[in-house]
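Please keep the sequence and the structure in view while reading.

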Amino acid sequence: MALKWNDKVLIWNVNELKLNNTIIAVGRMKKWIVVCTPSRIFFHGKDEMALSRRVRKAVVKPEGIYYQEHGSGRIMLLVHPLEPEKHVFFQHGYTLKEVVSGVLVLEGDGKYLLKHIRNTAYSDDCADQGNLESCEYDRSIESNQFDDDQSTEVMVIDICEDVMSSSIERYDEHHSTKGHLVSMIEYIDFLVGICMNHAMFIKPGWYCGGIKRSKHKSEVSVRFDKDITCVMKYRMCVSGFGEIMFLRMNEMLFLGNEVVCKAINSEMWPMSVLKDEDEWKQEYHMPFWSEISELEMCIVMCFPRHIQREFFEVFFECKKKIFEQLVPSGEVLDRVDRVLWRFMIKCKSVWEFMNAGVPCFEKSLALQKCKELIEYSQGCLDMARRDVMEISYKRIVECDIGLIESMNYSEVMNLAYRIIFLEKKNEERQRGIYMKNVMRMVYGMRKFFGDPRIDEVLLLFNEKPKVFEIDSDGIEGCGEKGYTIRMASSAGRAYMSYGSGMTDRRDISRHLCFPIYRNDELGTIDIKDTGWIDWPQFGYSVYRACGYVILEAEIGDYFESRIDRFVNSQESESVCTTNEFVFAGEAFGHGVCGRLKDMTVQRIMEFVMPKYAILSMAILAGVGISCMGKKDDSYGRMYLHYLRTPQPLCIHAGCIVGLGMIYAGSGNVLVRDTLVAEANRYGVFEHEQYNKGNKVWYDYAYRVLASFGIAMVSLNAETEMFRYVKLEDKLCELLANGIVLFGSKQRRFAKRLERSDICKPEEVLYSEVFSLGLMMEDEIDKVVEDIERRLADKKCVFSIHQLYRIAGKVFYVALNMLYRNECECNEEVFERLIVLCLRVEDDMKRNVEMKVVFDFCVVSLSLIANSSCNLEIIRIIRRRIKMMEKADRMYERKDFFFSSSGLKQEKQFLIRYGDIELYKLCLGIVTCGLGSCKISGTHYAVFYAISTFFINFPITTTDQEYFWMTRYFLLLSMKESLSGFKHTANYTKLCNKGSRKKEMADMSAINEMFAKQYAEASDADKKFTIDVLTDFYEVHGANGKLLSVEMLKKMACRMI
């Protein structure tokens, strides 16, 4: 529906928007309808927003909003309401007039300024339309490109001897020539200037390879008998050609810059009579002619422009269609045939196509084939079991898959191409590139569960913008900081979105932002300390990468080219607003999803550089995870090289993860000894060139990471031959050995896994886990019963070590069920844990030290009920997260922690940042893949769960840093669940409406549907169907296809 507006009212569809200020500009940008007024920019759509801006002039384009600031006169480009706008151009004394095909048009004193921006913003955006993710081109704009006078021209328009003309020169500040000022509109890629009874079509020139064309691409001047008072655009949507726009000025009609009707006859075309619209403006109008069909329009558009003009001149003059005078040949005939074939597959039968009034072209191959099909007489050959591939079969028509590209299932009516459409769609599903409609899926889950639990989960992960508040001290309240911390927690979102396709690359910003309303205006919280947001940005990028559903083969070149672009922009010292953590998070996320396994050692070494330590770390770790268990010595030598040479600490951390993953389960002695050496490192980081001021230390996080690497290398190796690994850090020693010995029944190591109450609480917890897990002699019911008995005594006062032992028992219950892959088998244990968790939650109000037991109750419940979207667990987690919203200064506390920048202090409230990450991590696992993925229970799953939920969560966003990689290890055990929600019949019924519902129904019963429609078809249609389908299956193979090829073979034998 076209947009329609006047000074203060905008109408679209059934909506009406009334404003207090005058409307300056209206248009469509991405998913929004944008309205610009002198004081605000409104965004209307699914997410309605408003920005406060002082706007003098504005132009709304699909790629963004160009507006000129009132006062300063600067021209800005805004591509997303939650992202900062970019300065595009400024020239004193000029006003923004229009933007045409990447050319800014500014009006000055008797002249126009043309600023070419396509070589920067516009072309980058267009070039990436076919990529996996459209590049947000505003980030690639370099300020020096905008200030380059070589891309700026001055245009002067003159009217001399009843002819309008223009002259163009290089920009010069002292340019003194003046001309006429005219009204200007954009039409297709033309700039149309209108002055009194004159009009001129201008298509500006371009810079091509640094060489400037001295003239416009085209310039056409038109003179009218009277002043131009009516300017209208008529839009026609033509399949295969997109939109075709006609321009009307007074009674003259244009197609491009050519006249197709000199004077519209109102008696012949009564719908062309103009109505008094009371100064209403309209985006476009519907055509006043209906006598030409879409097929005929498509055929006309196949011909050269001069023939199109001749056709429309005759058509608008006398309504006659001169198809008989059109003689296509060569490429034109090929295009006409393709149009006819596309129209044919929109018909149910060959007879319907031939009776549809198709223009007759003597040399048309499509029409000849159709006549041959109609004249075909069916034969018969009795070959019951002979393979159809061996039959000498004569086809009249062949399969062309390209015909159904960009078509919906509801448009395809031909039986053969319906089958091909379903086969290709099924193939896309199997390859994992089928993008789901998330809101439709959420709607289906709401109906399936009978409540809006998934809606609430999405709100917990993506909160609505915070409303700015002032507390009693006159400064921003703690609620705003709590909101920022909750939004910065992204690890859980990665689990929820994993493999779901919910991170639509067109709509979701690449940068983490914190929207907030101040004075009823939507803005973002400005975080000045970039270090505070860096690692949350890393997590946000991992979430976006995990939410993609794309082909592994397509990610390699695309991802590597993006890294090259980032590195080159930094090396050239150009303006690049994309943070290194953005690319690092994407690299690690793609690695976790297994998309970097084809990255060569040479290519990796090109990207690894100390200057970009975080990005290098993510690539090294991501490649290792993608190649887990590959045991490739070329990768191993590379990791060992970086570990043994001076590199930043983060690169060493990435090597530890990558090395452990590459040699997972190998028991390689050299790799294990190398990781043991890393796990025994203490003190100041040894490489001084990367540790100025001795601020970087080997902390516990580095040693724990190395111990995880040791466990990974030794996992699933022969436990009878296992040699106990001794480490200086006893917690790391416990982790490295306990994970490997879990379930091994090697009683000889039992004493080494025990810890007394004089040890650190963390050691006591893991000692309880591994002591129980070593032999697995106690049944789960007895362990749960022991926990209940201990906590039932209200008079008992627990020491901190006793509470950690209880927490370890609770954690062991979940690990035991994961190890045995019995998470769904013991509902009684699950119900008892729910009751236990609720009891501990209540006890925690009186004794805050009970929190460790409560946290591991939530962790265990989420692991046991992974992907189930269990309502009880969601409620428990929701209560804890919502507590932060109610926090105030009475809960304020100060925490101290060490980071790579030294000792830091962080002011916290009721719930710390690490607690929010823990609870959202559990929430993501309960809803992993929106119910479509499930943890595959193995010994590796035990390791992933222990590393993901390592007990020491960060105090604040700048804590632990590179250790964040371990929080995503559990994703490695995620597999598509055949019993998940999306595989149920209700999912198909509830999540697929309209054509999708028909498509899914036909896909599930394709053989019955095909047999029924084939039996009812004519001989010509049967021949067409058999010809096309046999050709399709011969080329693309019959294995794994939906349609029964055996049935098709028998049908083909009857057609010989």
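The axes of helix α28 (residues 871–885) and helix α29 (residues 913–926) come within 10 Å and cross at roughly 155°. Axes are lines fitted to C-alpha atoms, for helices over the stretch in contact, and angles run from 0 to 180 degrees between N-to-C directions. The model is predicted: local features need pLDDT of at least 70, side-chain atom pairs count only at pLDDT 80 or more, and totals for chains, interfaces and linings use all residues. Residues are numbered from 1 along each chain as its sequence is written, and side-chain values use heavy atoms, with hydrogens and water left out.

**Overall composition**

- The protein contains 35 helices and 34 strands; helices (H or I, at least four residues) and strands (E, at least two) are DSSP runs, numbered from the N terminus.
- Of its 1056 residues, 57% count as buried. Buried means under 20% relative accessible area, exposed means over 50%, and partly exposed lies in between (1.4 Å probe, protein chains only).
- Among contacts between residues at least 6 apart in sequence, 68% join residues at least 24 apart; contact means heavy atoms within 4.5 Å.

**Helix pair α28 and α29**

- The two helices α28 and α29 are therefore roughly antiparallel to each other. Angles under 35 degrees count as roughly parallel, over 145 as roughly antiparallel, 65 to 115 as roughly perpendicular and the rest as oblique.
- The crossing of α28 and α29 is left-handed. A crossing is given this name if the near helix is turned anticlockwise from the far one by less than a right angle, and is right-handed if clockwise.
- On the α28 side, the contact involves Ile873, Ile874, Ile877, Arg880, Ile881 and Met884, which meet Ile916, Tyr919, Lys920, Cys922, Leu923 and Val926 in α29.
- By class, the residues of this contact are ten nonpolar, no polar and two charged. Ala, Val, Leu, Ile, Met, Phe, Trp, Tyr, Cys and Pro count as nonpolar, Asp, Glu, Lys and Arg as charged, and the others, Gly among them, as polar.

**Helix pair α22 and α30**

- Helix α22 (residues 730–741) and helix α30 (residues 939–948) have axes that come within 9 Å and cross at roughly 150°. That makes α22 roughly antiparallel to α30.
- The crossing of α22 and α30 is right-handed.
- Leu735, Ile739 and Val740 in α22 meet His939, Phe943 and Ile946 in α30. This contact has five nonpolar residues, one polar residue and no charged residues.

- Strand β13 spans residues 103–107.
- In a regular strand the side chains alternate between the two faces of the sheet.
- Strand β12 (residues 95–100) pairs with β13 in the antiparallel sense over five bridges, and valine 100 stands opposite valine 103. Two strands pair if DSSP finds at least two bridges between them.
- The hairpin of β12 and β13 has two residues between the strands, and serine 101 takes a positive phi near 50°.
- Five bridges also join β13 to strand β14 (residues 112–116), again antiparallel, with leucine 106 opposite leucine 113.
- Four residues separate β13 and β14 in their hairpin, where glycine 110 in the turn has a positive phi of about 75°.

**Open sheets**

- Four strands in the order β8-β9-β10-β11 form an open sheet with antiparallel pairing. Strands β8 (55–61) and β11 (86–89) stand at the edges, each with a single partner strand, so one side of each is left without a neighbour in the sheet.
- Between β8 and strand β9 (residues 64–69) there are six bridges in the antiparallel sense, and valine 60 stands opposite isoleucine 65.
- Another open sheet of four strands has the order β3-β2-β1-β27, with antiparallel pairing. Its edge strands are β3 (15–18) and β27 (281–282).

- Methionine 605 is found in helix α16 (residues 601–607) and counts as partly exposed at 39% relative accessibility.
- Leaving aside its neighbours within four places in sequence, methionine 605 is in contact with Met638, His641 and Tyr642.
- In helix α35 (residues 1045–1053), Leu1048, Lys1049, Met1051, Ala1052 and Cys1053 are buried. Their cover includes α33 (1006–1015) and α34 (1019–1036).
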